[in-house]
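Dear colleague,

Please find below the structure that I am handing over to you. My notes on it follow.

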Amino acid sequence: MTPYNVGILLGGSRNTFWEEMKQAYLARALEFGVHTIFAWSNPGDHAETQLAGLQRTLKGDLDAIIVNPLNRYNLVPGILEAAARGIPVLDVGAKADARALKAAEPFYTPVKTVDFYQQGIIGATYIIEKIKPGGRAKVAIIEGSKDSTQSMGRSQGAADTFRQAPAVQAVWRLSADFDRDKAANKARYILWRHPDLTAFFCANDHMALGVAETVQVMGLRKQVTIVGVDLIDEAKRATRSGEMDASVAFSVGDVAEVILDATVKRIKGQSVTGGYPVVSRLIDKRGLVI
């Protein structure tokens, strides 16, 4: 059987999560009869360069393309272009703005994978459970890009959970654009203003690692709980060594299987089911927690 040519547009190359995601696709592509063609948001890992990467990929001979939008709007022009050419587009995590893509139907297919809002709940719940009985906590949420669907879901899930907890005294939210250095700087600013802060929930591990660097330098590691999302390899090591406390994890292999299965179905003209098929769990140095 001739394999299907499938383009896969990944996210920022500076976040190792995307390399792990690439390897997960490569490990499973053969069983789905898929030949993978990868593209990145280079140079610069910006929303605009990701769109340019999509437009370059569309010049190839594709049966379908898988996209991972950096925000809700940046890939809309490229997705519309793909639809105009009759190329099915699978949106991992349903991250693009569906209202802006009505004209792309039926070629645009948002595919839910993990529940971003639930991931925020999981991370915040872990932080709340670490508050001492009778204690009060001040917490901060470090968000990704303001128009990023995954950041919005994770941050809101955490914020709603914190606000329902009597022990949580205050919540601050600052955006760091999924950037490690920006997250480190935002953490420094928050801790300078609020030296009694007790926890950070970060919308991905890349930012959590930046926060961890700042917390370590400021000598506040014993005071401050740090939780991220994705459980990238560096976060695993940081959790084991005590630089971070935990990460909300999910299987990149399961995500790859869900997306590749959906892609082949769309190429064949079949429907794709909804729901959140990939489970998220919190991992700390002890292992599975929630």
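Leaving aside its neighbours within four places in sequence, which residues is Phe 200 in contact with? Among them are Ile 127, Ala 140, Ile 142, Val 211 and Val 227, where contact means heavy atoms within 4.5 Å.

Please note that this is a predicted model, in which local features need pLDDT of at least 70 and side-chain atom pairs count only at pLDDT 80 or more, while totals for chains, interfaces and linings use all residues. Residues are numbered from 1 along each chain as its sequence is written, and side-chain values use heavy atoms, with hydrogens and water left out.

Phe 200 also belongs to the largest nonpolar core, which has 54 residues. Such a core is a set of buried Ala, Val, Leu, Ile, Met, Phe, Trp, Tyr and Cys residues joined through side-chain atoms within 4.5 Å; buried means under 20% relative accessible area, exposed over 50%, and partly exposed in between (1.4 Å probe, protein chains only). Helix 9 (residues 252–267) gives the most to this core, with 7 residues. Helices (H or I, at least four residues) and strands (E, at least two) are DSSP runs, numbered from the N terminus. A second, separate core of 20 residues includes Val 168 and Leu 282.

Leu 30, by contrast, is exposed, with a relative accessible area of 78%. Leu 30 sits in the loop between helix 1 (17–29) and strand 2 (34–39). Its C-alpha atom is separated by 8.4 Å from that of Pro 3, 27 residues apart along the chain.

Yours sincerely
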